[in-house]
Amino acid sequence: IIQRKGETIFVPSGWHHQVHNLDDVISVNHNWINACNLHEMWFNLSGELDRVRESISDCREMEGWHAQCQLILSSLAGMDYSMFCKFILIVSLPRLMKIRQLSQE
């Protein structure tokens, strides 16, 4: 998609995407993740999971408690641990393949 002057693009929560700016732009967004702040995203996600676990610790003995914690995490943070791992793979695999290709030239 090429966004023209005056156009707006809405990207729904949870839709992985990458942006390449052709010119100087102003971007208004939230939940921004890249290689520079990936560790902060992990820190926030794991902290949120700790809070979820604490808040439903009285239900720890229920069947599927860990899965329930991940479900709640996803609803609060926009992703759970498996989605975070999938995101890392989606972002890193093409880059790793490009590095491999360049190293074989």
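A crossing of two helices is called left-handed if the near helix is turned anticlockwise from the far one by less than a right angle, and right-handed if clockwise. The structure is a predicted model, in which local features need pLDDT of at least 70 and side-chain atom pairs count only at pLDDT 80 or more, while totals for chains, interfaces and linings use all residues. Residues are numbered from 1 along each chain as its sequence is written, and side-chain values use heavy atoms, with hydrogens and water left out.

By the handedness convention, H1 passes H2 in a right-handed crossing; helices here are DSSP runs (H or I, at least four residues), numbered from the N terminus. The axes, lines fitted to C-alpha atoms over the stretch in contact with angles from 0 to 180 degrees between N-to-C directions, come within 9 Å for H1 and H2 (residues 65-77) and cross at roughly 125 degrees. H1 is therefore oblique to H2, given that angles under 35 degrees count as roughly parallel, over 145 as roughly antiparallel, 65 to 115 as roughly perpendicular and the rest as oblique. On the H1 side, Leu45, Glu48, Leu49, Val52 and Arg53 meet H2 residues including Trp65, Cys69 and Leu76, where contact means heavy atoms within 4.5 Å.

With H3 the picture is as follows. The axes of H1 and H3 come within 11 Å and cross at roughly 170 degrees, so the two helices are roughly antiparallel to each other. Leu38, Met41, Trp42, Leu45, Ser46 and Leu49 of H1 make this contact with Tyr81, Phe84, Phe87 and Ile88 of H3.

H1 (38-55) and H3 (81-103) each also supply at least two residues of the lining of the largest pocket. A pocket is an open set of points on a 1 Å grid over the protein atoms alone, where a 1.4 Å probe fits, with protein on both sides within 12 Å along at least five of seven lines; lining residues have an atom within 4 Å of a point. Its lining numbers 46 residues, with Val11, His17, Gln18, Val19 and Ser27 nearest the centre, and H3 gives the largest share, eight residues.
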